[in-house]
Amino acid sequence: DDSRSEVSLHVNGTTHRFDVDNRRTLLDALREDAGLVGSKKGCDFGQCGACTVLVDGRRVVSCLTLAVAAEGAEVTTVEGLAADDELLPVQEAFVRLDGLQCGFCTPGQLCSAVAVLAEHAAGWPSAVTPDVSPDQPHRPLDADEVRERMSGNLCRCGAYPSIVRAVLEVAESEGVNG
Ligand code: FES
Ligand code: FES
């Protein structure tokens with residue numbers, strides 16, 4: 001049957017094998033086939049960011065990613081962010097600074113935040129002022145930069161100020177801004 005494929009997904013360090021419809025999204029495979037329901041389905045068409053996961057360290061909206069396209073990649077969902085039940089600093093900061101209210105957007109916000117911190121640490125050009133020359137010193141992560149980079153993650157509760165504060169705090173404490 002050409003419309004189905006065997007797919008191996010490496011998710012949070014565990015390999016799952018599924019026989020999936022070629023059109024199955026990564027989000028549905030994660031939630032319904034792997035039972036990892038932390039990634040949320042807000043809109044199912046790439047508009048809200050609630051389904052954001054990391055694929056080989058880069059964030060993707062899993063509702064617009066085919067499960068077959070993630071074959072062989074390392075997928076990290078919110079369930080896999082904390083190692084050995086120890087929260088990441090950004091997770092701890094979200095809790096302490098009230099970076100969530102209902103929590104629906106939070107798995108996507110957290111995956112995005114982890115990626116933003118890594119993007120910044122890797123010296124990616126600013127999303128706010130992308131035209132500065134590459135010789136310019138690394139622009140510190142500031143609130144505008146965090147808002148721009150996380151603009152794909154909507155929060156209907158309006159927890160944005162606390163989310164931005166949490167990401168900035170971690171950037172400071174981890175020296176990502178140094
Ligand atoms: Fe994927 Fe909204 S559910 S972007
Ligand atoms: Fe409710 Fe963001 S905390 S949608």
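**Two domains and what lies between**

Trainee: How many Å separate the centres of domain 1 and domain 2?
Mentor: The two centres, taken over C-alpha atoms, are 22 Å apart. This is a predicted model: local features need pLDDT of at least 70, side-chain atom pairs count only at pLDDT 80 or more, and totals for chains, interfaces and linings use all residues. Residues are numbered from 1 along each chain as its sequence is written, while chains are lettered from A and ligands numbered from 1 in the order in which they are written.

Trainee: Where are the domains?
Mentor: Domain 1 covers 4–80 and domain 2 covers 89–173. Those bounds come from an automatic or database domain assignment.

Trainee: How many residues are in contact across them?
Mentor: 15 residues of domain 1 are in contact with 13 of domain 2. Contact here has C-beta atoms, placed from the backbone, within 7 Å.

Trainee: Which strand gives the most to that side of domain 1?
Mentor: Strand 3, with 3 residues. Strand 3 (52–55) and strand 4 (58–61) each supply at least two. Strands are DSSP runs of E, at least two residues; helices are runs of H or I, at least four; both are numbered from the N terminus.

Trainee: New topic. What about the largest nonpolar core?
Mentor: That core has 46 residues. Those with the most contacts inside it are Leu9, Val90, Ala113, Val114, Leu117 and Val167. A nonpolar core is a set of buried Ala, Val, Leu, Ile, Met, Phe, Trp, Tyr and Cys residues joined through C-beta atoms within 7 Å. Buried means 20 or more other C-beta atoms within 10 Å of a residue's own, all placed from the backbone.

Trainee: Which elements give two or more residues to this core?
Mentor: Among them are strand 1 (4–11), helix 1 (26–33), helix 3 (106–121) and helix 5 (160–173).

Trainee: What share of the residues is buried?
Mentor: 38% of the 178 residues.

Trainee: And what box do the C-alpha atoms fill?
Mentor: Roughly 55 × 35 × 30 Å, along the principal axes.

Terms used: Contact = placed C-beta atoms within 7 Å. Buried ≥ 20, exposed ≤ 12 C-beta atoms within 10 Å, placed from the backbone.
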